[in-house]
Amino acid sequence: MPLSDTVEMLQAILGAIDEGIHVVDAEGITIFYNHVAARLDGLTPEEVLGKPLLEVFPSLDRHSSTLLRVIENGEAIYDQTQTYKNWKGMRVETINTTLPVRVGKRLVGAVEVAKDIGKLKELSERLVDLQAKISKPKRAKRGAEEVAFHFEDILTKSEQMKHLKERAKKAARTTSPVLIYGETGTGKELFVQSIHHASLRSSNPFIAQNCAALPASLLESLLFGTVKGSFTGADDRPGLFELADGGTLFLDELNSMPLDLQAKMLRVLQDGQIRRIGGSQSVKVDVRVIAAVNEAPQLLVERGLMRTDLYYRINVVSFSLPPLRERREDVDLLVEHFLAKFNRVFGMNVRGISPEVAQLFARYDWPGNVRELEHVVEAAMNMVEGDMIMMEHLPGHMLERVLQSQNLSATEPISLLSDREGCTLPEILRELEERIIGDALKQTDGNVLRAAKLLGIPRQTLQYKLSQRMIPPC
């Protein structure tokens, strides 16, 4: 392939990437500048190409420009926050990864990949400003508009969950760090808020932050605050630790926090002091830290996603919340609760779920846990026309997953429709249910008790269904 074609292909590839790419030669002259970088900077490629970097971006200098620093020292810079004004006076905020470009051993330039974080930073700072206005959290109303959880909101028949509630009530009396492990949707924040509201800190701030929601550099400034001048464009801002002083700071998905930031977290837990980014003065804070992870903490440590020293420091009090599939006795109770909730919200009067739906709920493994159950009930109530949720009101993925758990073909529901013109959905579902029951009886040699256990339903329910007249094929 001719060299000119290769160059054109390379330029087309770089131009198609949905991140800003800026390449300069060893003299700091721009030799490539894609349309995404141009959009971020409010410029056109023609205004930048072939010109010295500092001429186009006069607010930068050889120290603040990541491209020029890499050219000067030849070392890569990863995930560097940069705030500057272009020559039109527009403020631009990005996270940059800047790499040296070498031909052999000779440094010939630098390439920078930039991601726009201006809007994200604005939203995070707005969050801090709103938190700063809160001197005391408003007491949530009990009822339809309740937003704060208490221990009585944790509904359960499970002895394991009851035991965890009692342990959590005891932990609420102290200020020790807490680590909560549970799969997504098991109700970790419900537990965290309950601990806060049962503690002596209940009249002080409760602040929650998902560590996976922000880039590392923004998360650090959000947690610890900034000092004006610490980097271009920074203002004097308190972080969430200062805003949560006297209260509780909940850090969800702690394992998403970079290891270097985890080291700073460890220092806060050990001495109760924080230092704003760019500052030289330490600030004493009185904050109870509660963290949550959605994977087993020991595995996170083994995989290098959580520092060992941080794990032992924050794991003073720990809770492992069981998934819904391990406390199936709670399903009926939670369904009743969610029906009441959405009846109130939607102005409806749905009385319950059909026996077939109850059977399906009993054997479904609920990968999304309590949150999924809530969403399924809400979705069904959007479809229901009478006062009872039937099989046809449920999301289709549930039936498919149950079929797969019974070692049946996931495409079987589709084949059922191919030769059943004129059948209604309830008729097809009832026939399918009979086939599943028949398969279970075959696997257990006709033993009703064992078949009921295999299906995840009470023996009496299976006997009742067997006593009914079998529905002939439609």
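Reply: Start with the inventory. The protein has 21 helices and 14 strands. This is a predicted model. It has 474 residues, and 45% of them count as buried. Take the contacts between residues with a separation of 6 or more: 64% of these join residues 24 or more positions apart.

Now go to helix α16, which covers residues 369-383. Its partner here is helix α14, residues 331-346. How do we describe such a pair? Two packed helices are described by the angle between their axes and the distance between the axes. For α14 and α16, the axes come within 10 Å and cross at roughly 45°. Roughly parallel would need an angle under 35 degrees. The two helices are therefore oblique to each other. The crossing of α14 and α16 is right-handed.

Which residues of α14 and α16 meet? From α14 come Val331, Leu334, Val335, Phe338, Leu339, Lys341, Phe342, Asn343 and Phe346. From α16 come Val370, Leu373, Glu374, Val377, Glu378, Met381 and Asn382. Look at the numbers along α16. Val370, Leu373, Val377 and Met381 are among the residues that meet α14. An α-helix has 3.6 residues a turn, so residues three or four places apart point the same way.

Sort the contact by class. Eleven of its residues are nonpolar, two are polar and three are charged. One of the residues in the contact is Glu374. Is glutamate 374 buried or exposed? Its relative accessible area is 18%. The cut-off for buried is under 20%, so glutamate 374 is buried. Beyond residues up to four places away in sequence, glutamate 374 touches Phe338, Lys341 and Phe342.

Compare aspartate 445, another residue other than glycine with a positive phi, near 55°. Aspartate 445 sits in the loop between α19 (425-443) and α20 (448-455). At 70% relative accessibility, aspartate 445 counts as exposed.

The axes of α9 and α11 are 11 Å apart, and the angle is about 15°. That makes α9 roughly parallel to α11. The crossing of α9 and α11 is left-handed. Ala216, Leu219, Glu220 and Phe224 of α9 meet Leu261, Lys264, Met265 and Val268 of α11. Six of the residues in this contact are nonpolar, none are polar and two are charged.

In soluble globular proteins, nonpolar side chains tend to be buried together. Here the largest nonpolar core has 36 residues. Leu223, Phe241, Leu249, Leu251, Leu254, Met257 and Val289 have the most contacts inside it. Several elements each supply at least two residues of this core, among them α9 (216-224), α11 (259-271), β8 (248-252) and β11 (288-293). A second, separate core has 26 residues, including Val331, Tyr364, Val377 and Met398.

Leaving out residues up to four places away in sequence, valine 289 touches Pro177, Val178, Phe241, Leu249, Leu251, Met265, Leu269 and Ile314.

Last stop: helix α8, residues 188-197. It is mostly covered, with eight of its ten residues buried. They are Lys188, Phe191, Val192, Gln193, Ser194, Ile195, His196 and His197. These buried residues pack against α7 (159-171), β6 (178-181), β7 (206-210), β8, β11 and β12 (317-320).

Then look at the loop between α8 and β7, where you find alanine 198. Its relative accessibility is 42%, so alanine 198 counts as partly exposed. Alanine 198 and alanine 172 are 26 residues apart in sequence, but their C-alpha atoms are 5.9 Å apart in space. Setting aside neighbours within four places in sequence, alanine 198 is in contact with Phe151 and Ala172.

Methods: Residues numbered from 1 in each chain as written. Predicted model: local features only at pLDDT ≥ 70, side-chain atom pairs only at ≥ 80, totals over all residues. Heavy atoms only, no water. Helix = DSSP H or I, 4+ residues; strand = E, 2+ residues; numbered from the N terminus. Buried < 20%, exposed > 50% of the residue type's maximum accessible area, 1.4 Å probe, protein only. Core = buried A, V, L, I, M, F, W, Y, C linked by side-chain atoms within 4.5 Å. Contact = heavy atoms within 4.5 Å. Axes fitted to C-alpha atoms, helices over the stretch in contact; angles between N-to-C directions. Parallel < 35°, antiparallel > 145°, perpendicular 65-115°, else oblique. Left-handed = near helix turned anticlockwise from the far one by under 90°. Nonpolar A, V, L, I, M, F, W, Y, C, P; charged D, E, K, R; others polar.
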